[in-house]
Amino acid sequence: MMKTRVKICCISSKEEAQQAIKYGANGLGLVGNMPSGPGVIGDDLIKDITKTIPPTLASFLLTSETTAEAIIQHYKKVYTNTIQLVDELKNEEYQILRNELPWVKLVQVIHVIDEKSVTEAVEKSQFVDAILLDSGNPNLQVKELGGTGRTHNWTISKKIREEISIPLFLAGGLNSDNVREAIDAVQPFGVDICSGVRTDGKLDEKKLDAFFRAVNG
């Protein structure tokens with residue numbers, strides 16, 4: 001059985017990046033400007049942290065921009081190898097990103113709300129390299145685009161995983177107590193965690209250790 005990848009999100013310093021890598025992270029999430037949620041850091045710091053991440057690991061820029069032009073401008077401030085699109089894009093925007101940044105992986109976040117999320121994920125999976133399922137709600141007046149610490153309906157997540165042909169990351173309220181159940185239920189390519197390995201906003205080595213043990217157990 002393929003080993004489940006782990007992405008540690010909301011990395012806020014070079015020290016946190018190295019901590020996460022030490023425990024076995026396959027990817028690190030760096031949060032750009034967002035309308036809400038934790039972990040936002042400046043683009044200069046994202047760029048500095050990215051330089052310390054080995055090229056064999058995935059460095060994710062989380063961007064809330066919704067046009068290819070704005071996303072490209074954001075990317076050119078940080079130069080990660082992956083862009084995580086936390087909001088919805090018009091379909092034609094993806095091809096512009098592909099043409100301009102052919103070497104960068106694109107990951108589209110789908111916020112699992114109801115059965116419509118399945119249709120959305122299947123449609124968007126045509127344009128990106130991976131889908132990441134989270135528990136936000138972009139329909140609120142102040143958009144929730146991740147980092148909520150809530151779980152969502154894993155039955156819908158499993159259905160999405162079965163209907164798309166690209167890798168799927170599972171996020172949303174994961175921790176060492178529930179991640180094994182989540183992996184067994186959804187069988188994702190990878191899991192993504194922010195608050196579940198933190199205490200008072202900082203990476204917690206005990207929680208990191210427990211989380212990786214649970215994932216690999």
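Me: How many disulfides does the structure hold, and which residues does a disulfide join?
Reply: This is a predicted model. The structure holds one disulfide. The S to S distance is 2.1 Å, and the cysteines joined are Cys10 and Cys194.

Me: Where in the chain do Cys10 and Cys194 sit, and how many residues apart are they?
Reply: Cys10 lies in the loop between β1 (5-8) and α1 (14-23). Cys194 lies in the loop between β8 (190-193) and β9 (198-199). The pair links distant parts of the chain, 184 residues apart.

Me: Is the link of Cys10 and Cys194 left-handed or right-handed?
Reply: The angle about the S-S bond is -115°. That makes the link of Cys10 and Cys194 left-handed.

Me: Why is the sulfur of Cys9 too far from the closest cysteine sulfur for a bond?
Reply: A disulfide needs sulfur atoms within 2.5 Å. The closest cysteine sulfur to that of Cys9 is in Cys10. It is too far for a bond because the distance is 4.3 Å.

Me: Is Cys194 buried or exposed?
Reply: Buried means under 20% relative accessible area. Cys194 has 13%, so Cys194 is buried.

Me: Which residues have the most contacts inside the largest nonpolar core?
Reply: This core has 55 residues. Its largest share, five residues, comes from helix α8 (residues 205-216). Those with the most contacts inside the core are Ile8, Ile11, Leu97, Ile160 and Phe211.

Me: Which residues of helix α4 are buried?
Reply: Helix α4 spans residues 91-100. Its buried residues pack against α3 (68-75), β4 (82-85), β5 (105-111) and α5 (116-124). They are Glu93, Tyr94 and Leu97.

Conventions. Residues numbered from 1 in each chain as written. Predicted model: local features only at pLDDT ≥ 70, side-chain atom pairs only at ≥ 80, totals over all residues. Heavy atoms only, no water. Buried < 20%, exposed > 50% of the residue type's maximum accessible area, 1.4 Å probe, protein only. Helix = DSSP H or I, 4+ residues; strand = E, 2+ residues; numbered from the N terminus. Contact = heavy atoms within 4.5 Å. Core = buried A, V, L, I, M, F, W, Y, C linked by side-chain atoms within 4.5 Å.
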